[in-house]
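Subject: Structure handover

Hello,

Here is the structure I promised to pass on. My notes follow below it.

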Amino acid sequence: MKRLGDILVNKEPFEEILMGNEAVVRAMVETGTKVVSSYPGSPTPEIATAIYSIPKDLRPFYFEFSVNEKVAGEVAFGSAVNGNLSCVFFKSVGLNVALDSFVQFGLMNILGGLVVVLGDDPGANSSQNEQDNRNVYKMSRVTVFEPASPKEAYGYYIKAAQFAAKENTVAVLRLTTHVCHARQKVKFGRFEPGSTPYRTDFDRENGPYIALTTMALDMKRQSIKKLHQAKAYVKYEGLNTVHLSGDSHGKGIITSGLSFLSVMDVFEISKFRADILKLGMVNPLEEECILSFLKDHDEILILEELDDIFELQIKSLAFDNALTTKIIGKICDEDYIGEYTPDRTMATLARTWPDMVKMPENKGVFPFEVPPRPAQMCPGCGHRSAFSAIKNALDKEDVTVADIGCHTLGYMPPYNIGEILMCMGASMGMASGLALFNDKKRVVAFLGDSTFFHAGLPGIVNAVFNKHDVTLIIMENNTTAMTGHQDHAGNDIPIVGVLKGLGIENILSCDTYSQAKLTDIVKQSMAAKGLSVVIAKHPCMLKFTRLARKKSGFVQKHISIDQSVCNKTHDCVARFGCPTFVRNPDESVDINTDLCIGDGSCKPSCPEQAIGFGRGEK
C-alpha cells in the first residue's frame, strides 16, 4: 500500500480516495504553489498532516507553522509579492486573528497570487462559535470559491490559484467541516516537478504597497475592478451550474457547498424535484446567471447555512430588476443556526412546499434515550492532574479565567475551573480587568504553551507594565495538542527565558503529576503581589503513549484497585475524574483496561492508597 506522501507527489495522473484536506495538498503540488504557511486549527489541520507525509526532500514547496494566523498570512503574502504562488490555511476563528492583515490583501497587487484556505465551521463542531465568514469576505472584497466535496476542493483550489496568479490578487477557498473531512475518489492530474527557484522579485513599482492618504482610495478602486474580473472568470469557467430536474413545477433552489449535496440526498429519498442553481463562487455573486434562474422560476428557495448573505443580495437584485419571482429565505431564528444536514434540508423543503414535500415517518428510532457524552480529557492527561492539584489551592470565591486548548475542559465537572472564556490569548487581559480594585477575590488565569506564543504575550506584557495582581498558570505540554500535536515556538524558545526577559521575577514550575507540590507552589504564587507565574508541566500523554508504543519492548501497564483496601469514598471518580474509572452498581470501582494507559497519575487521588499497578507492574 502506497504512503500518502508518495501518492501526493505522484508524477502521473491517478485516481485515489482522499480526504478533502488531502486533496487540497495535491492541488498545491500540481499548481506549483511555492510557499505554504499555517497555524493549526480544526477543520484544516489534516492539510498539514498531509504535507508532513511528503518527505522533505520531495516536498515541492516550503511549509511552516507560524506562531499565529496573522503572522502566517503575512508570511504567505510576503512570499507572494516576491512573485511566488503562495497559500495560507487556518480555521474559521483564525480569520479573526489574521483580520488586520487579511482586509488589506484585496487592495494589493500580489505578484505571484495568494490563496487563503479557510475552514469554516457551521454547527460549531470544533469552534467557540459558528461565525459566517462570508460577511468578512464581502467586506474585504475578496474572491471566494466554495466546493461541495473533496473532488471540488481539489478542482476549486486549482481554479483559485489560477485566478489569483492571473489577476495578481488573493482568492479564498472556503471549506466547511464536512468538506474537509469527507473522503471521495478523485481523479488527479499530472505533476511535473520543476527546478523553478523561489522568486525574490519584489519591486515597489508594482505597488503601491503603502496605503497612505489618497493611495488607499485608488487601491480600493482596483480591488473593486478585480471583483468584476472575478465575475467574468466564474462565468468563463462555468463554476456556477444549473441542475435541471425536468419536473420542477416552477420551483427552484439556490444553494452552494455542502448544502447542495444535502438537497441531492433529499431528492434520492423523496419524489420531490426542483431545479438547482449551485453557486461555486460565493463572493462576488455573478448576477447574470442568478437573474436568468430567477426569471425561469415562479418560486425560489435560497438554502444557505448561517447568515442570509445570498438572500439579501438576491432579493435586492430581483427588486432592482422588477422581478415577480417569490423568493423564500430564512423565516425564523433557528434558520441562522447550524448545518443543513439532509434531515434538516428535508424539513426546510417540507416547510417551504408542504403540498409537494412530505417528511418520511421515523423508522428505527432507538427505544431508549442515548445519554450525552461529555467532552473528556484523555486518560493520563497532565491537565487533569494539574486541575486536581490547583483546585486544592483555590477558595470558592477565587476567580479562574480560561483560555483555548485542551485545558478549557477544566470547566467541566469535577474540576469546575475556568469560569469565563473568550478566545486564544484573552485570559490574561480579562484576568487583569477582573483583578482591578478587587481586594476580596484572587484571580487566576490559564494559558496553553502554544497560545502563549500565539496571542498570550501582549496580555502578559500589559500585566507587567500596569502591575496587575494576577496569577498566571501556563499549562505546558510541549505541543499544540488540541489540533493534532503540531510543533510550536515553545519547542525551541524556552518560556521561562521569555518570562524572565519581560522582568517577571516570581516564576515557579513543577510536573503536574507531583500534585502536592503543585498545590503548594500555586498557593505561594497566589500570595505574591503583582504578576506571578506557575508553569504546570507534563507532556501530552496521548502523543507520548503513541510514540512509546512504536518502540520495541513496549509493555502496556494498567492500574488496578485493591478492593480489600478501597472504602468507596469515590474521590478517584468524583474529584479526579479519569474516564478509565468505572463505578459499579454496588459502589465498587473498577478500571476500564481498554482506556487505561497505566501512567499512575490517579494514585494520589485515593486517600486509602487502594490504587496501584496491576500484574506486578511498578
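Start with the loop between strand 22 (589–591) and strand 23 (611–613): Q609 lies there. Helices (H or I, at least four residues) and strands (E, at least two) are DSSP runs, numbered from the N terminus. Phi of Q609 is near 55°, a positive value in a residue other than glycine. Q609 is exposed, with a relative accessible area of 69%. The classes are buried under 20% relative accessible area, exposed over 50% and partly exposed in between, with a 1.4 Å probe and protein chains only.

Some ground rules. This is a predicted model: local features need pLDDT of at least 70, side-chain atom pairs count only at pLDDT 80 or more, and totals for chains, interfaces and linings use all residues. Residues are numbered from 1 along each chain as its sequence is written, and side-chain values use heavy atoms, with hydrogens and water left out.

Backbone, continued. L306 also shows a positive phi, about 70°, and is not a glycine. L306 sits in the loop between strand 13 and helix 12 (309–320). With a relative accessible area of 1%, L306 is buried.

There are cis peptide bonds to check too. One runs from G207 to P208, with omega near 15°. P208 is in the loop between strand 8 (183–188) and helix 9. Another joins P413 and P414, where omega is about 10°. P414 belongs to the loop between strand 15 (399–401) and helix 15 (427–435).

Next, the aromatics. The structure holds 18 aromatic pairs. The rings of F102 and F105 have centres 6.0 Å apart and planes at 65°, so this pair is edge-to-face. The cut-offs: rings of Phe, Tyr and Trp (its six-membered ring) pair if their centres lie within 6.5 Å; planes under 30 degrees apart count as stacked, over 60 as edge-to-face, the rest as tilted. F102 and F105 both lie in helix 5 (residues 94–105), three residues apart, about one turn of the helix. Both F102 and F105 are buried.

F163 and Y233 make a tilted pair, because their ring centres are 5.2 Å apart and their planes stand at 50°. This pair links distant parts of the chain: F163 is in helix 7 (residues 150–167) and Y233 in helix 9 (residues 214–237), 70 residues apart. F163 is buried at a relative accessible area of 1%; Y233 is buried at 10%. Y52, F63, F65 and F89 form one aromatic cluster.

Two arginines lie over ring faces. R134 is over F310, 4.8 Å from the ring centre. R344 is over Y340, at 4.5 Å from the ring centre. The test is NZ of Lys or CZ of Arg within 6 Å of the ring centre and within 35 degrees of the ring normal.

Five strands form an open sheet in the order 9-11-10-13-14, with mixed pairing. Two strands pair if DSSP finds at least two bridges between them. Strand 9 (241–243) and strand 14 (326–328) are the edges, each pairing on one side only. Strand 9 and strand 11 (residues 275–279) run antiparallel and are joined by three bridges. H243 has I276 in strand 11 as its bridge partner.

Best wishes
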